[in-house]
Amino acid sequence: MTDPTNSGAGSVVVLGGRSEREFAVVRDLGYRVVLVDEQVPWHCMPWVDTHLDVALDDWDAVADAIRAELGDEAPVAVLTHTEPRLPLMARLGRLLVEAPRGLDETAATNCRDKWRTRTVLSEAGLPVPRFALAGTVEEAIAAAEDIGYPAVVKPRDGAGAFGVRCCQDERELRAAVGALFAAPTGSLTGALIEEYVDGPEYAVQTLTQDSKTGVLSVFRQRMTPPPVFVELGYEHPSGLSADERDELDGLMRDVLAALGVHDWISHTQIRRGPDGFRVIEVNARRPGGRLVEMTTAVSGVDMTEAVTRQALGLPQPEAKATVPYARYASIVFDAAGTLLYDEVDAETGPFRPIVEVEVEPGETVRPKEHPNGGVYGRIVVYGETPEELDRAEQEVRKALSLQVVFGDGLGPAETDSREFKSCC
């Protein structure tokens, strides 16, 4: 339902996007949606008021196209839910919006560039893995020898664990860095070489308002073992003690303050190694997959609506009802073959299971560790007890009846219908 206090309040420029919810929130608040993308998908067109096809890497061209579309009208806000477009969002906000709010250019760059994230946090005395930036394979080898093996190789500005690999020795590191340089996954040059932190990992979602950070959710994250990092699922509660949770909350406040995130959301990955918490990544965006819905279920805060309201300078609504237990299970496979399964009707209403398979029955799948394998869908269940979670997940899996057949002698297709191969 449209917010009557904001009806006809102006236009919001949205950079990219694929989900109807991203646009519906803006329109429900009474604003006109201008979608800007490299090539606006057909299925998004009914959800917006107008759309512009522009090369998003040409920032001046994007600004000119928006000015030409809006004429004398300044956009009320520029918004994106797509991590690569956060620096552009911040730049356009400064250039086009009369009173820009939310993420500024410094904070956007601090979070987008992993090397810069670690540098800023390290200089602030906050715990990060030991790290170095390498411009050549030989520089990477020298950095790994200084840091020690196992060492992690990752792009500076990638997402979803693409190009990330844990290397046990020089041979593996040379191959990983060579592959990253040969086929870059991001726009920034160089490879990040960092210490591998062995310990449990947590996904932390936050909402910062007027420099005051509230932690919305902390999920214990299940991953495949090295050398690659595939997200197998998440659990709530996280299993942290009250003291550990207080320490983590305080760390998040310090981290976001150091990076300059004063009015925005974040999705952060943290590991707890032998010497305590270490910040692995800070993403100035909502989490991927269905962690937004899971966060809403355990905190009562919808991060999509929350960040939209922040960009518009609107107050946050009251938190909704919550559930004490939640589980997120990625759909992955151990072997290649043809996937067969039964369709499961989506249920509606709060705390209903979420079931998604992102390939059609009859498509081929690869093992979870394969570069073109990974995550093929997800199951999210809620409950009042851990036992209720177990029953709910088992019921969903029984209804899906997932089967991988014809594995022997049948090579998987070179492509599949998924847009992404990672949860978050």
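**Notebook: the sheet and its helices**

I looked up Val36 and found it opposite Leu52 in E3. The model is predicted, so to speak of local features I need pLDDT of at least 70, and side-chain atom pairs count only at pLDDT 80 or more, while totals for chains, interfaces and linings use all residues. Residues are numbered from 1 along each chain as its sequence is written, and side-chain values use heavy atoms, with hydrogens and water left out.

I checked the pairing next. Strand E2 (residues 32-37) pairs with E3 in the parallel sense over 4 bridges; two strands pair if DSSP finds at least two bridges between them. Helices (H or I, at least four residues) and strands (E, at least two) are DSSP runs, numbered from the N terminus.

I then traced the sheet. It is open, with 4 parallel strands in the order E3-E2-E1-E4. Strand E3 (50-53) and strand E4 (77-79) are the edges, each pairing on one side only. Neighbouring strands are turned by 20° against each other on average, direction ignored. Axes are lines fitted to C-alpha atoms, for helices over the stretch in contact, with angles from 0 to 180 degrees between N-to-C directions.

I looked at the helices on the sheet. Helix H1 (residues 20-28) lies across strand E1 (11-15), E2 and E4, at about 150° to E2. Helix H10 (residues 303-312) touches E1 and E4, and its direction makes about 150° with that of E4. Contact means heavy atoms within 4.5 Å.

Last, I noted that helix H9 (residues 291-299) has 8 of its 9 residues buried, so it is largely enclosed by the rest of the structure. Buried means under 20% relative accessible area, exposed over 50%, partly exposed in between (1.4 Å probe, protein chains only). Gly300 follows H9, with a positive phi near 85°.
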